[in-house]
Amino acid sequence: KNIILIGTAHVSKESAQLVNQIIMEEKPDTVCVELCQGRYQSLRHKDKWQEMDIFKVIKEKKASVLLINLLLAAFQKKLASQFGIKAGEEILCAIESGEQIGAHIELVDRGIQITLNRFWRSITFWEKLKLCYQILFSLFDTQDITEEDIEKMKNEDVLHTLLEEIGKSQPKLRSILIDERDKFLTHKIRSAQGQKIVAVVGAGHVPGIKASLNDEINIEELEVIPSKQSSGFLLKWIFPLLILFLFGYGFYLGGSKGGKEMILLWILATGTLAAVGAIIAMGHPLTIVSSFLAAPLTTLHPLIAVGWVSGLVEAFTRKPKVKDFENLSNDIQSIRGFWKNNITRILLVVVFTNFGASFGTLVALPMMIRTLNL
């Protein structure tokens, strides 16, 4: 097969022009684009957000993954807006040019939900906290990025250096978001129909695809969402039992006063920090109160998280309106917009109250042990 690989910057005007020019000149049998079905639908149908069921997102515990997805989309939209080009324009250009010449269009990327879930389940609680913090407070700082910088990212040597740096600081992030997808894209591109294929992918994937073209790739393995780690599952059950044991031991050693003091410490630490999380997310007053009341109980229940409770309360008290769905694409381009839009604020409530309650357990535990005078 004759595979023509085009490495692009997803917010580059020159990339969009280059894609159109090559497809028109080469007239391939198939045009492969770095999209999955979900991202294709969101690009083609801008009002797709209006079909989202926020209550279902919370109940299925997908709020954190959705928030990360929106944050990553926000960064790309911010750059696109800065340089006067639609995010993913070169991908849409590839699809339109391919359709114009009658080529088959092939979506060759792995599903975004699979990628994000594989990553989310592979990192620890503290890595999740660090990642959310870094993305939330640094994604929007794009003032120093010039259009020349965007075009330089298509240079293989610069990209190689950049990916090496990512690999040092976030090896799991690089492995799942880049290395695994390189292999997935490679398999899909080389198995696409036709003899002449033009593949349009982000420039960061080009070195990996070229290196994997002759490798044997197990595509099924790359699509499996790993089950939650058994150690984490056991910890969810062991930790509440440990806390309950400490309550009982407190009553045994210190009598009624000692036991009550322990319970009060637990309520104040977990409830207060969960409420602080709701305040940071600018939740409704009822959401703040519910976070405080629910956290001491949900932290002792392995199957219920305080974010599930606080998120549902926020969703009921401030139900997302049509304008929230309509404005979502614009609102996620600024930090203020994340807190202003009812949809993203619900997601922030879920994430911040969960983090607050988890941090509260870490604060409460040594304080409770100290009251035993061990």
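Select Thr115, which is buried, with a relative accessible area of 2%. Buried stands for under 20% relative accessible area, exposed for over 50%, and partly exposed for what lies in between, using a 1.4 Å probe and protein chains only. The model is predicted, so local features need pLDDT of at least 70 and side-chain atom pairs count only at pLDDT 80 or more, while totals for chains, interfaces and linings use all residues. Residues are numbered from 1 along each chain as its sequence is written, and side-chain values use heavy atoms, with hydrogens and water left out.

Thr115 sits in helix α6. Helices (H or I, at least four residues) and strands (E, at least two) are DSSP runs numbered from the N terminus. Now show what touches Thr115: apart from neighbours within four places in sequence, Thr115 has contacts with Arg110, Ile176, Leu177 and Arg181. Contact is taken as heavy atoms within 4.5 Å.

Next, select α6 (residues 112–120) together with helix α10 (residues 171–190): their axes come within 9 Å and cross at roughly 150°. That angle makes α6 roughly antiparallel to α10. Axes are lines fitted to C-alpha atoms, for helices over the stretch in contact, and angles run from 0 to 180 degrees between N-to-C directions. Angles under 35 degrees count as roughly parallel, over 145 as roughly antiparallel, 65 to 115 as roughly perpendicular, and the rest as oblique.

Which residues of α6 and α10 meet? From α6 there are Thr115, Arg118 and Phe119, and from α10 Lys172, Leu173, Ile176, Leu177, Glu180 and Arg181. By class, this contact of α6 with α10 has 4 nonpolar, 1 polar and 4 charged residues. Nonpolar covers Ala, Val, Leu, Ile, Met, Phe, Trp, Tyr, Cys and Pro; charged covers Asp, Glu, Lys and Arg; the others, Gly among them, are polar.

Move on to Ile123, in the loop between α6 and α7 (125–138). Ile123 is buried, with a relative accessible area of 9%.

Then select helix α14 (residues 285–298) and helix α15 (residues 306–317), whose axes are 8 Å apart and which pack at an angle of about 160°. The two helices, α14 and α15, are therefore roughly antiparallel to each other. On the α14 side, Leu286, Thr287, Ser290, Ser291, Ala294, Ala295 and Thr298 meet Val306, Val309, Ser310, Val313, Glu314 and Thr317 of α15. Sorted by class, the contact of α14 with α15 has 6 nonpolar, 6 polar and 1 charged residues.

The contact is made by Val306, Gly307, Ser310, Gly311, Glu314 and Ala315 of α15 with Arg345, Ile346, Val349, Val350, Thr353, Asn354 and Ala357 of α18. Its classes are 6 nonpolar, 5 polar and 2 charged residues.

Finally, select the whole protein. It has 18 helices and 4 strands, and 45% of its 374 residues count as buried. Among contacts with a separation of 6 or more, 80% involve residues 24 or more positions apart.
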